[in-house]
Amino acid sequence: MAVPGKLGEHKEKISFSTQIVDRVQKSTGLRITVHQFRHAAGALILKHRPGEYELVRRILGHKSINITKNFYLDLETTQASELFTDIVRQRVDFNHNAP
């Protein structure tokens, strides 16, 4: 994909990548690569839309759903653990607040 630069010429990928990294760092204080940013985007989508690997595959441009699943499937384990922890905490809070 060519990205337009000043005066209509195309930016080199490395130049555009550097600009993205610099802008994210300036805005957030975090220095992450474009590749890491892509992974963070995929993880964020799946956190809010669990199991929607096809959506992530399309956004990230993976050729195969298996590529997407292989990378992000472990997130389901993390999410399941977080859900279980929330359930236990709610149960404990309920029992402590019961008369």
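This is a predicted model: local features need pLDDT of at least 70, side-chain atom pairs count only at pLDDT 80 or more; totals for chains, interfaces and linings use all residues.
Good morning. By contact I shall mean heavy atoms within 4.5 Å.

Let me begin with Leu 46. Setting aside the neighbours within four places in sequence, Leu 46 is in contact with Gly 51, Glu 52, Tyr 53, Val 56, Tyr 72, Leu 75 and Gln 79. Several of these names will return in a moment.

First, the overall layout. The chain contains five helices and two strands. Read from the N terminus, the order of elements is β-β-α-α-α-α-α. The chain has 99 residues, of which 13% count as buried. As for contacts with a separation of 6 or more, 23% of them join residues 24 or more positions apart.

Which residues make up the largest nonpolar core? There are six: Ile 45, Leu 46, Tyr 53, Val 56, Leu 60 and Tyr 72. At least two residues of this core come from helix 2, residues 34-48, and at least two from helix 3, residues 53-60. The largest share belongs to helix 3, with three residues. Leu 46, with which I began, is a member of this core, and its contacts include the core residues Tyr 53, Val 56 and Tyr 72.

The crossing of helix 2 past helix 3 is right-handed. On the side of helix 2, the contact is made by Arg 38, Gly 42, Ile 45 and Leu 46; on the side of helix 3, by Tyr 53, Leu 55, Val 56, Ile 59 and Leu 60. Sorted by class, this contact has seven nonpolar residues, one polar and one charged.

Finally, I would draw your attention to His 62. This residue sits in the loop between helix 3 and helix 4, the latter spanning residues 65-72. Is His 62 buried or exposed? Its relative accessibility is 15%. Because buried means under 20%, His 62 counts as buried. Neighbours within four places in sequence again set aside, His 62 is in contact with Arg 38, Arg 57, Ile 67, Thr 68 and Tyr 72. Among these, Arg 38 also takes part in the contact of helix 2 with helix 3, while Tyr 72 belongs to the largest nonpolar core.

Thank you for your attention.

Key: Residues are numbered from 1 along each chain as its sequence is written. Side-chain values use heavy atoms; hydrogens and water are left out. A nonpolar core is a set of buried Ala, Val, Leu, Ile, Met, Phe, Trp, Tyr and Cys residues joined through side-chain atoms within 4.5 Å. Buried means under 20% relative accessible area, exposed over 50%, partly exposed in between (1.4 Å probe, protein chains only). Helices (H or I, at least four residues) and strands (E, at least two) are DSSP runs, numbered from the N terminus. A crossing is left-handed if the near helix is turned anticlockwise from the far one by less than a right angle, and right-handed if clockwise. Ala, Val, Leu, Ile, Met, Phe, Trp, Tyr, Cys and Pro count as nonpolar, Asp, Glu, Lys and Arg as charged, and the others, Gly among them, as polar.
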